[in-house]
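I opened this entry to record what I looked up, starting with the sheet and ending with the aromatic rings.

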Amino acid sequence: MKRKYIGLAFVPVVFILTMCLYKILSKEEPTKILPDTASISAYTESFGWQIDKEEIKFTEITIPYIFNDTYKEYNKIQKKQGFDLEKYKGKKVTLITCLVTNFTDGEKVYIELITENTCLIGANLKSYGKNGFIKPLNINEL
């Protein structure tokens, strides 16, 4: 009888070890949670970008079911940063748009963060100006 209880005690341990091993082998990045303005600001600052905390906009969007060529190129930028929007095809997500205050090129530049239930699933820098661009957040890749 005691053997059954001892065996049952090891089930949670084996499960936890299996999940840890899976995380290590799958090389998944830890999920970034952005529940509020402070965490959004801290995240952007970790890349060297300062944002206007009064100019943060939240918009509900739907990731398309079928990616056209433009969206495929956009997703390549996301994949460079460890994201993949293909997992979210057809889902409603939140687009968080933040005005960057320390971009020195004279154009208005925005950070776009895509979240699902406050979990970060995509991010990029975007300029709508004459020489518009979409780039990864990493300042060294500009």
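I count two strands as paired if DSSP finds at least two bridges between them. Helices (H or I, at least four residues) and strands (E, at least two) are DSSP runs, numbered from the N terminus.

I note that this is a predicted model, so local features need pLDDT of at least 70, side-chain atom pairs count only at pLDDT 80 or more, and totals for chains, interfaces and linings use all residues. Residues are numbered from 1 along each chain as its sequence is written, and side-chain values use heavy atoms, with hydrogens and water left out.

**Sheet**

I looked up the strand order. It is an open sheet of 5 strands, β1-β2-β3-β4-β5, with antiparallel pairing. β1 and β5 are the edge strands, each pairing on one side only. The twist averages 25° from one strand to the next; for angles, I take axes as lines fitted to C-alpha atoms, for helices over the stretch in contact, and angles run from 0 to 180 degrees between N-to-C directions.

I then went through the pairings. β1 (residues 51-62) and β2 are antiparallel over 8 bridges. Phe 58 stands opposite Ile 96 in β2. β2 and β3 are antiparallel over 6 bridges, and Leu 95 stands opposite Ile 114 in β3. β4 (residues 119-127) and β5 run antiparallel and are joined by 3 bridges. Lys 126 stands opposite Ile 134 in β5.

**Helices on the sheet**

I checked contacts next, meaning heavy atoms within 4.5 Å. Helix α2 (residues 37-45) packs on the sheet and touches β1, β2, β3 and β4. The direction of α2 makes about 100° with that of β1. α3 also packs on the sheet, touching β3, β4 and β5. The direction of α3 makes about 115° with that of β4.

**Strand β2**

How many of the residues of β2 are buried? I find 7 of 9, so the strand is mostly covered. My cut-offs: buried is under 20% relative accessible area, exposed over 50%, partly exposed in between (1.4 Å probe, protein chains only). Thr 97 is in β2 and is buried at 14%. Leaving out residues up to four places away in sequence, Thr 97 touches Glu 55, Ile 56, Lys 57, Tyr 110 and Ile 111.

**Cysteines**

I searched for disulfides, taken as pairs of cysteine sulfur atoms within 2.5 Å. The count is 0. Cys 98 is buried at 0% relative accessible area. Cys 119 is partly exposed at 24%.

**Aromatic rings**

I pair rings of Phe, Tyr and Trp (its six-membered ring) if their centres lie within 6.5 Å; planes under 30 degrees apart are stacked, over 60 edge-to-face, the rest tilted. That gives 6 aromatic pairs. One of them is Tyr 71 with Tyr 74, edge-to-face, 5.6 Å centre to centre with 70° between the planes. Both sit in helix α3 (residues 69-80), 3 residues apart, so about one helical turn separates them. Tyr 71 is buried at 19%, and Tyr 74 is buried at 11%.

Phe 103 and Phe 133 form a tilted pair, 5.9 Å centre to centre, 40° between the planes. Phe 103 lies in the loop between β2 (92-100) and β3 (109-116) and Phe 133 in β5 (residues 133-135), so the pair ties together parts 30 residues apart in sequence. Phe 103 is buried at 18%, and Phe 133 is buried at 17%. With Trp 49, Phe 103 and Phe 133 form one aromatic cluster.
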